[in-house]
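Dear colleague,

I am handing over the structure below, together with some notes on what turned up in it. Please read the notes with the coordinates open beside them.

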Amino acid sequence: MSEKISLNSILFEKETYLRSLIKELGRVVIGYSGGIDSTLMAKISNDELGQNALVVISDSPSLPKQELNDALKLAEDNVFNLRVIHTKEAEDENYLENSNNRCFYCKTELYQELKKIQKEEGYSAIIDGANYDDLDDYRPGRKAAKDKGVRSLLLESFFTKKNVRELAEKLGLSNYDKPAAACLSSRFPYGTSITVEKLSQVEQAEVIIKKYVNGNVRVRFHNEVARVEVDSEEFVTILENKNKIYSSLQEIGFKYIALDIMGFRSGSLNE
């Protein structure tokens with residue numbers, strides 16, 4: 001019991017500090033994706049600053065349409081001051097070449113657009129949803145954030161992913177336990193070129209798989225091969241529906257479909 005009280009006290013201290021940072025900034029632009037980290041930042045910024053917290057999401061080919069629609073609905077439910085913009089990373093050859101710092105170019109494009117809003121409309125800062133656990137993974141986008149002066153207040157407040165989910169649940173956010181959903185370009189091995197058509201192919205494949213399984217789903221693009229990652233408890237369901245899945249993925253351009261026996265791993269192409 002005392003341990004639980006102690007943990008609650010630590011979370012309360014982190015939340016209090018986070019809210020104080022936001023209040024000090026006064027007017028902020030929040031980079032929003034609909035994931036739990038940026039949703040929590042949008043929620044607390046909205047609580048503390050109201051209309052002085054501008055929540056911005058980019059409608060781009062690398063964001064699945066269902067993810068966009070879910071993010072828009074979540075923003076509406078929480079009465080965020082929301083704006084949808086259109087970024088042009090898909091026109092940047094550096095991004096399309098898909099080197100191991102692809103995320104740097106994608107995030108640079110996003111933050112450049114947010115900087116324009118900040119400068120033209122008088123916001124004091126841009127904030128993102130990076131948390132302390134993100135330091136453990138390879139994330140070139142962090143350099144883009146640093147280069148553009150983006151603040152990562154969850155990280156500054158020492159919020160882990162577990163803390164984020166706990167606070168989100170406490171605040172009544174419906175996506176507090178939503179699985180992480182990286183952008184579609186993360187499905188491509190470094191060095192495999194990206195096109196809008198390939199992004200759409202992967203998106204369609206994941207929509208198909210999600211008709212049959214729950215939990216995490218990734219379709220990794222290996223040219224003719226779709227390497228499917230799902231949670232291991234869903235393997236039986238995949239195999240029970242293998243013929244329907246096989247024919248559906250063939251229809252959208254994949255020749256072979258492989259089930260990864262190691263199951264879903266976030267960032268598996270960084271292994």
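Arg142 has a relative accessible area of 25% and is therefore classed as partly exposed, in a model that, please keep in mind, is predicted. Its side chain forms a salt bridge with Asp128, in which the closest N and O atoms are 3.2 Å apart. This pair links distant parts of the chain, since Arg142 belongs to helix 6 (residues 141-147) while Asp128 sits in the loop between strand 4 (125-127) and helix 6, 14 residues apart. Asp128, at 7% relative accessibility, counts as buried.

Glu48 counts as partly exposed, at 25% relative accessibility, whereas Arg19 is buried, with a relative accessible area of 14%.

The salt bridge between the side chains of Asp47 and Lys43 spans 3.4 Å, N to O, and these residues, being four apart in helix 2, are separated by about one helical turn. Here Asp47 is partly exposed at 37% relative accessibility, and Lys43 is buried at 17%.

Through shared partners, salt bridges join Glu15, Arg19, Lys23, Lys43, Asp47, Glu48 and Lys170 into one network.

Turning to the nonpolar residues, the largest core has 32 of them, and those with the most contacts inside this core are Leu18, Tyr32, Met41 and Leu153. Two or more residues are given to this core by each of helix 1, strand 1 (28-31), helix 2, strand 2 (53-58), helix 3 (65-77), strand 4, helix 7 (153-156) and helix 8 (161-170), with helix 2 supplying the largest share, six residues. In general, nonpolar side chains tend to be buried together in soluble globular proteins.

What does Met41 touch, leaving aside residues up to four places away in sequence? The list consists of Leu18, Ile22, Ile30, Ile127, Asp128, Gly129, Leu153 and Leu154, and it includes Asp128, the salt-bridge partner of Arg142.

There is also a second, separate core of 23 residues, among them Cys106, Ile194, Ile209 and Val219.

With best regards

Definitions and conventions:
Residues are numbered from 1 along each chain as its sequence is written. This is a predicted model: local features need pLDDT of at least 70, side-chain atom pairs count only at pLDDT 80 or more; totals for chains, interfaces and linings use all residues. Side-chain values use heavy atoms; hydrogens and water are left out. Buried means under 20% relative accessible area, exposed over 50%, partly exposed in between (1.4 Å probe, protein chains only). A salt bridge is a side-chain nitrogen of Lys or Arg within 4 Å of a carboxyl oxygen of Asp or Glu. A nonpolar core is a set of buried Ala, Val, Leu, Ile, Met, Phe, Trp, Tyr and Cys residues joined through side-chain atoms within 4.5 Å. Contact means heavy atoms within 4.5 Å.
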